Amino acid sequence: MGPIEGKKGAVIEATTTFADESPDDFDLLLIPGGGAPENLRIDDGAVSWTKAFTETNKPVAAICHGAQLLISADVLQNRKVTAVNKIRDDIRNAGGTYVDEALVIAPDRAHAAGRQ
């Protein structure tokens, strides 16, 4: 916890950690793109929290390089994923199916969310 400096000098105050939060208390996991997933994937707490969240069958949205965190959490086996094409081989190597589409609603997630 404490101050976190982002791009262009923006500073925010972190008030909690992955260890302090339960995936059960959230309705959606949104993983940002850019360099964030690369940094999150080397944090064991972030990786285990992400894995636990995916086990809740709630929606997961990953932007751009966001799938890197899902790869490290080992949750892409037999799932369809869209991401920046620079990590398509990583997705395939993790057992996922890479597609070049703007949005993917995987059948297993759509069913769990009550959509057809």
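## The largest pocket

The largest pocket in this structure, which is a predicted model, has a volume of about 870 Å³. Its lining is made up of 30 residues, and those that lie nearest the centre of the pocket are Ile4, Ile12, Phe18, Ala36 and Leu40. Two or more lining residues are given by each of strand S1 (2–5), strand S2 (11–14), S3, helix H1 (36–40) and H2.

By residue type, the lining of the largest pocket consists of 16 nonpolar, ten polar and four charged residues.

## The largest nonpolar core

The largest nonpolar core holds 18 residues, and within this core Ala67, Leu76 and Ile91 are the ones with the most contacts. At least two residues of the core come from each of strand S3 (29–31), helix H2 (44–54) and helix H3 (67–72), and H3 supplies the largest share, with four residues.

When neighbours within four places in sequence are left aside, Ala67 is in contact with Ala62, Leu76, Val81, Ala83, Ile87 and Ile91.

Thr82 sits in the loop between strand S5 (80–81) and helix H4 (88–93). Is this residue, Thr82, buried or exposed? The relative accessible area of Thr82 is 18%, and because buried means under 20%, Thr82 is buried.

The side chain of Thr82 makes polar contacts with two backbone oxygens: that of Glu101 is reached at 2.5 Å, while that of Val99 lies 3.1 Å from a polar atom of the side chain. Not counting residues up to four places away in sequence, Thr82 touches Val99, Asp100, Glu101, Ala102, Leu103 and Val104.

Terms used:
Residues numbered from 1 in each chain as written. Predicted model: local features only at pLDDT ≥ 70, side-chain atom pairs only at ≥ 80, totals over all residues. Heavy atoms only, no water. Core = buried A, V, L, I, M, F, W, Y, C linked by side-chain atoms within 4.5 Å. Buried < 20%, exposed > 50% of the residue type's maximum accessible area, 1.4 Å probe, protein only. Contact = heavy atoms within 4.5 Å. Polar contact = N/O pair within 3.5 Å; in protein donor to acceptor, adjacent residues only side chain to side chain. 1 Å grid on protein atoms, 1.4 Å probe; cavity = no way out; pocket = protein on both sides within 12 Å on 5 of 7 lines; lining within 4 Å. Points joined across faces, edges and corners; volume = space filled by probe spheres on them. Nonpolar A, V, L, I, M, F, W, Y, C, P; charged D, E, K, R; others polar.
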